[in-house]
Amino acid sequence: MEVTRKDFSLIQLIRGNLERCILGKKVEIDRLLTALLAGGHVLIEDVPGTGKTQLVKALSRTIGGQFRRVQCNPDLLPTDITGVAIYHPKDETFVFRPGPVMTNLLLVDEINRATTKTQSALLEAMEERHVTVDGDSYALPKPFILIATQNPIEFEGTYTLPEAQLDRFMMKISLGYPDAATERQMLLAPDSTSPADKLEPVADSTEIASLMEKVSQVHVDEAVGDYLVRIVRATRDHSGVQLGASPRAAISLLAAARASAFLQERDFVIPDDIKALAGTVLAHRIVLHTEARLGGLTTDEVIEAVISQTSVPVRMER
């Protein structure tokens, strides 16, 4: 597939829509677009009121695909997400009633408020892009992207996400508080309450799928691929790490690096793409030894140390 100037113009339109809705968060918006084009899922962890849900709503309206939202709570059942087969006595058959997972963009709000059984219902959808109900498999629409949010400061009535599920999120990002000037601009804006509701679609699911296909063809030199592998493997050898980044993490980092290069209008990946995304893609997948964690070590510090100690390739071939 040939990349055209129209593709990059479309990306600028999508980015502009999101930046009008979420002010002062260009880096975080680019991370979300990177995950979108790479076909990865995103976990947004932040305190309430920072615009997590608004950002996802803005993205859904911008790309014009199907959008569903699930508000998690301890009473939520797996079938409330995947759907259920209902028996029709008249026809003597079971008819599948699809759940909210049958969409292009699924927002799972406060995912850590759902029980572990319900959380596990999302694992198959996130990895295999289909769900199984009563022994029958149902494919999800293309593209399918799950964006989950969680509140890091409330622990009562919450269930920690297992490592297997965290590993299925391509990225974990945080929006954080806006600076004073941006917050003032938000307050004075005429549509500050729900800016996402006023956005108009600038793309459709077919165009997004086409962009994703072109992203998958971005060139990765062998030296750059080796650099990525050395970074991932080094996380497993760090003295403070109990569980390092998985092979799935390496695949996610490569896909994200391709998307990041594409967003910067390049058809090849450079080491800086990998360095810029390593923390966002790898940190949430790493489990530290208890002693290291109590000693103040963080997974972000592990990634920084690994990158600083990994030699960068100096020659690449196009």
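Which way, left-handed or right-handed, does α2 pass α10 in their crossing? Select both helices and look: α2 passes α10 in a right-handed crossing. (A crossing is left-handed if the near helix is turned anticlockwise from the far one by less than a right angle, and right-handed if clockwise.) The contact is made by D30, L33, T34, L37 and A38 of α2 with A255, A256, A259, S260, F262 and L263 of α10; contact means heavy atoms within 4.5 Å.

A quick note before moving on. This is a predicted model, where local features need pLDDT of at least 70 and side-chain atom pairs count only at pLDDT 80 or more, while totals for chains, interfaces and linings use all residues. Residues are numbered from 1 along each chain as its sequence is written, and side-chain values use heavy atoms, with hydrogens and water left out. Helices (H or I, at least four residues) and strands (E, at least two) are DSSP runs, numbered from the N terminus.

**Stop 1: still on α2 and α10**

Two packed helices are described by the angle between their axes and the distance between the axes. Here the axes come within 8 Å and cross at roughly 115 degrees. Axes are lines fitted to C-alpha atoms, for helices over the stretch in contact, and angles run from 0 to 180 degrees between N-to-C directions. So α2 and α10 are roughly perpendicular to each other. (Under 35 degrees counts as roughly parallel, over 145 as roughly antiparallel, 65 to 115 as roughly perpendicular and the rest as oblique.)

**Stop 2: α1**

Select residues 5-21. How far apart are the end C-alpha atoms of α1? They are 25 Å apart, which agrees with the 24 Å that its 17 residues should span at 1.5 Å a residue. That expected span is 1.5 Å times one less than the number of residues. Among the buried residues of α1 are F8, L10, I11 and I14. Their cover includes α2 (26-38), α3 (52-63), α8 (205-215) and α10 (247-263).

**Stop 3: α9 and its partners**

Show α9 with α11. They pack at an angle of about 30 degrees, with their axes 11 Å apart, and are therefore roughly parallel to each other. Their crossing is right-handed. To see where they meet, pick V224, Y227, L228, I231 and V232 in α9, and P271, I274, K275 and L282 in α11.

Helix α9 (residues 222-237) and α13 pack at about 135 degrees, with their axes 9 Å apart. That makes α9 oblique to α13. Y227, I231, A234 and T235 in α9 meet I303, V306 and I307 in α13.

**Stop 4: T299 and the annotated span**

T299 sits in helix α13 (residues 299-309). Leaving aside neighbours within four places in sequence, T299 is in contact with A283, I286 and L288.

Finally, color residues 233-304, which an unreviewed UniProt entry annotates as "domain: ChlI/MoxR AAA lid". UniProt positions are given in the numbering used here, feature names are shortened, and annotations may be inferred rather than shown by experiment. The span is 62% helix and 7% strand, and its end C-alpha atoms lie 14 Å apart.

Definitions and conventions. Buried means under 20% relative accessible area, exposed over 50%, partly exposed in between (1.4 Å probe, protein chains only).
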